[in-house]
Amino acid sequence: LLDRAEKLFQQLSESPANRPRALGKLVGIYEQQQDWQQAIATRKALASAAPSGIDRVLPHYYCELAAQAIGDRDYPLARQHLKKAHAGARKMIRSAMMRADLATRADDTKTASRLYRQIAEQDRAFVSEVFVPLARSLRQGGGEETLTRFVNGLIKKNSAVKDDIAYAAILNDDLANPAVAACARSYIERHALLAQMLDDLGVTAGGESLDVATLVRVANALRT
C-alpha cells in the first residue's frame, strides 16, 4: 500500500500546483519506512518548494542515520551524519549526546568532557542521564577537583540541579566526590521516605553522621 502511495505522490509532485502537498505526503511515507536518506532528500525538496523553516527536522533524520551507523559499528560514517546534524541544529541535545558517546568510544576524553559539560549546562533534564559519563570524563581530564568545580558551578547557576545530581549519584553509587555527596545528603534529608530509611538504618539525619559510607548504605538499600 505504501509503495502504491509513494508512486502516486511522486507523480503528483511533478505538478507545480500539487508539489508541496505531494512532497509532504512522501516525507510521511519515508518516515514510516525509516528511509532516512529519502526523507532527507524529499524534505530538502519540500523546503525549496515551500520555504517554512522545515529544515529544522533534518537533524533528526541525520541522527537516525548516525544511530544506524553506530549499530553497524561504522563510526566514521556515524561522525559524518552527526556533523550534519550538528550543523543543522547546534543546540540539538541528542546530536551532542551521540557525539559525546562516539568521543568516549574513541578515548577522546577532551571532546567527550566538553560535550557532556555543554549538555549538562544547556538542559537540566539531561543532567541525570549524562552524569556518569560526565563525571568519568572530568576525572580523567583533571581529577576529582575538576568534577567538584564543575558541580559547584552548575549548582550556582541553578540550585535545583542538585536533585538531578543526587539522583544519578545514588543510583550509580558514585558518591565519593564531596560536592556530589553533599547533593545526595541534602536530597535524602529532604525526602520523607528516605529520611525514614535513615531511621531504619539507625542514622540521625544531619551533621557528620550522614557520611559517605552511610550514603552508600542508603544507595544500596534503594537498589535492592
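Asp107 sits in the loop that links α6 (93–105) to α7 (109–122), where helices (H or I, at least four residues) and strands (E, at least two) are DSSP runs, numbered from the N terminus. The model is a predicted one, in which local features need pLDDT of at least 70, side-chain atom pairs count only at pLDDT 80 or more, and totals for chains, interfaces and linings use all residues. Residues are numbered from 1 along each chain as its sequence is written, and side-chain values use heavy atoms, with hydrogens and water left out.

Most residues other than glycine have a negative phi. Asp107, although not a glycine, has a positive phi of about 60°. With a relative accessible area of 67%, Asp107 is exposed (exposed means over 50% relative accessible area, buried under 20%, partly exposed in between; 1.4 Å probe, protein chains only). Arg73, also not a glycine, has a positive phi of about 60°. Arg73 belongs to the loop between α4 (58–71) and α5 (75–88), and its relative accessibility of 65% makes it exposed.

Turning to the whole fold, the protein chain contains 13 helices and 0 strands, and its pattern along the sequence reads α-α-α-α-α-α-α-α-α-α-α-α-α. Of the 224 residues in the protein chain, 39% are buried. The protein chain exposes about 12,400 Å², of which carbon and sulfur atoms supply 50%; accessible areas come from the Shrake-Rupley method with a 1.4 Å probe, and for residues only the protein chains shown count as cover.
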